Amino acid sequence: MSQQASPRGTFLKIAEVIKARIDADPKMTELPTAADLMGEFGVSRGVALRVFDVLQEQGVAERVAGSRLRVTRRGEAVDRRPLAEQLIDVITADRLTVGAAFPSATKLCARFEVSRPTLAKALHKLEAAGLLSEGKQGKPRTVLSLPKQEESANL
């Protein structure tokens, strides 16, 4: 696109281009950054952000805390529960018992595809709920108590 003033609806045209790229590339998991869109299409940050809004409204992408917008595909099962609730499931799914070591932050970041600060907030909630011990450098967190159904609903 040229450096001239953008006509109305430019963000819709760009959204269609990005949507076509998503359809053409099944391995695409994240949207380009706003800076990428600004550079490629010669538009302002506001226009780039409107592109993201349109793609979210169309169900093509979703916001992920601590990450770029993630591509969503039809039929793809996505767990939309808060991360703290998903972490409670780790205790059950991994069959951890009281006193067992909880997976490391590195492994959890990779497993849930989140940033360390996002993970730290969720782990803090589990510590406050009495499910996990406090994390300290060089010492793994341990399971202090097993989750009950109502605990996951309260986090």
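**Figure 1. Packing of helix α4 against helix α5.** In this predicted model, helix α4 (residues 83–93) packs with helix α5 (residues 105–112) at an angle of about 110 degrees, and their axes are 12 Å apart. Two packed helices are described by the angle between their axes and the distance between the axes. Angles of 65 to 115 degrees count as roughly perpendicular, and α4 and α5 are therefore roughly perpendicular to each other. The crossing of α4 and α5 is right-handed.

**Figure 2. Residues at the contact of α4 with α5.** Helix α4 contributes L83, Q86, L87, V90 and A93. These residues meet L108, R111 and F112 of α5. By class, the residues of this contact are six nonpolar, one polar and one charged.

Figure 3. Residue A34 belongs to helix α2, which spans residues 34–41. The relative accessible area of A34 is 9%; because buried means under 20%, A34 is classed as buried. When residues up to four places away in sequence are not counted, A34 touches R45, A48, L49 and F52. A34 and R68 are 34 residues apart along the chain, and their C-alpha atoms are separated by 9.6 Å.

**Figure 4. Surroundings of S133.** Residue S133 is located in the loop between α6 (116–128) and α7 (149–154). With a relative accessible area of 14%, S133 is buried. A polar atom of the S133 side chain lies 2.8 Å from the backbone nitrogen of T142. Neighbours within four places in sequence left aside, S133 is in contact with E127, P140, R141, T142 and L144.

Notes. Residues numbered from 1 in each chain as written. Predicted model: local features only at pLDDT ≥ 70, side-chain atom pairs only at ≥ 80, totals over all residues. Heavy atoms only, no water. Axes fitted to C-alpha atoms, helices over the stretch in contact; angles between N-to-C directions. Helix = DSSP H or I, 4+ residues; strand = E, 2+ residues; numbered from the N terminus. Parallel < 35°, antiparallel > 145°, perpendicular 65-115°, else oblique. Left-handed = near helix turned anticlockwise from the far one by under 90°. Contact = heavy atoms within 4.5 Å. Nonpolar A, V, L, I, M, F, W, Y, C, P; charged D, E, K, R; others polar. Buried < 20%, exposed > 50% of the residue type's maximum accessible area, 1.4 Å probe, protein only. Polar contact = N/O pair within 3.5 Å; in protein donor to acceptor, adjacent residues only side chain to side chain.
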